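Work through the following exercises with the structure in view, and compare each of your steps with the solution.

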Amino acid sequence: MAVQTKPRPGAGRIFQSPVLEALTKTHISIPLALFWAIGAISLWYSIARLGIGWSTALTFFLGGMVLFTLVEYLMHRFLYHIPAATPKRRRFQYVIHGIHHEHPRDKQRLAMPPVVSLVLASLFITLFRFTIGPNGFAFGGGFLFGYSTYLLAHYAVHIFKQPKNFLGILWKHHNLHHYVGDDGAFGVSSPFWDYIFNTMPKDPRRREASKVNLL
Ligand SMILES: [Zn+2]
Ligand SMILES: [Zn+2]
């Protein structure tokens, strides 16, 4: 569902209260360091303390990273872009994601506040621990490592210039979501799930090119 905002420079304001407003801002280095560290420690803990073989632990770790990319896709598509049918829902959508579409280059709002992400991380690790047993630590570690890597990719796409190598596809894909149509291109760390679920938007330049060819 389209967010009803136009991209603008600078930072927006979500709350009148200065305390609440400050809580919505995060320096990107905090969650990056936090979740990469927790991810690496979970892998180490699985091997060194739980005695799980390194190849098994690594397989679960990578599995957690892959699952994260699916969760990232589903959350962005169905939660962040929740249809804004009522004023309450519109407000909810604005607070969790619309603000980012309105101010896509605001460095301080490219990650959710660590207080929120730490609670979610604990819930996910607990869920994995109780569904797949001790391997849940390595799996959860990979999941959080995937989250941190996604944060870096998202930050880089909005703040740095598109590189002239294979990573450029991430810039192209996410810019389609922001500047062409936010009813597609929901994957940020890769376009993979957009291909699987058929939410790849048409690149307008390609559309123009095919029109020219038809004439
Ligand atoms: Zn973005
Ligand atoms: Zn979005």
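**Exercise 1.** Which residues does Arg109 touch, not counting residues up to four places away in sequence, and is Arg109 buried or exposed?

*Solution.* Arg109 touches Gly12, Ile14, Glu21, Thr24, Lys25, Ile99 and His100, where contact means heavy atoms within 4.5 Å. Arg109 itself is found in the loop between helix 4 (87-102) and helix 5 (114-132); helices are DSSP runs (H or I, at least four residues), numbered from the N terminus. With a relative accessible area of 10%, Arg109 is buried, a word that means under 20% relative accessible area, while exposed means over 50% and partly exposed lies in between (1.4 Å probe, protein chains only).

The model is predicted, so local features need pLDDT of at least 70 and side-chain atom pairs count only at pLDDT 80 or more, while totals for chains, interfaces and linings use all residues. Residues are numbered from 1 along each chain as its sequence is written, chains are lettered from A and ligands numbered from 1 in the order in which they are written, and side-chain values use heavy atoms, with hydrogens and water left out.

**Exercise 2.** Where is Gly140 found, and which residues does Gly140 touch, not counting residues up to four places away in sequence?

*Solution.* Gly140 is found in helix 6. Beyond the residues up to four places away in sequence, Gly140 touches Ile125 and Phe128. Its relative accessibility is 1%, and therefore Gly140 counts as buried. Between the C-alpha atoms of Gly140 and Gln16, which are 124 residues apart along the chain, the separation is 36 Å.

Notes: Helix = DSSP H or I, 4+ residues; strand = E, 2+ residues; numbered from the N terminus.
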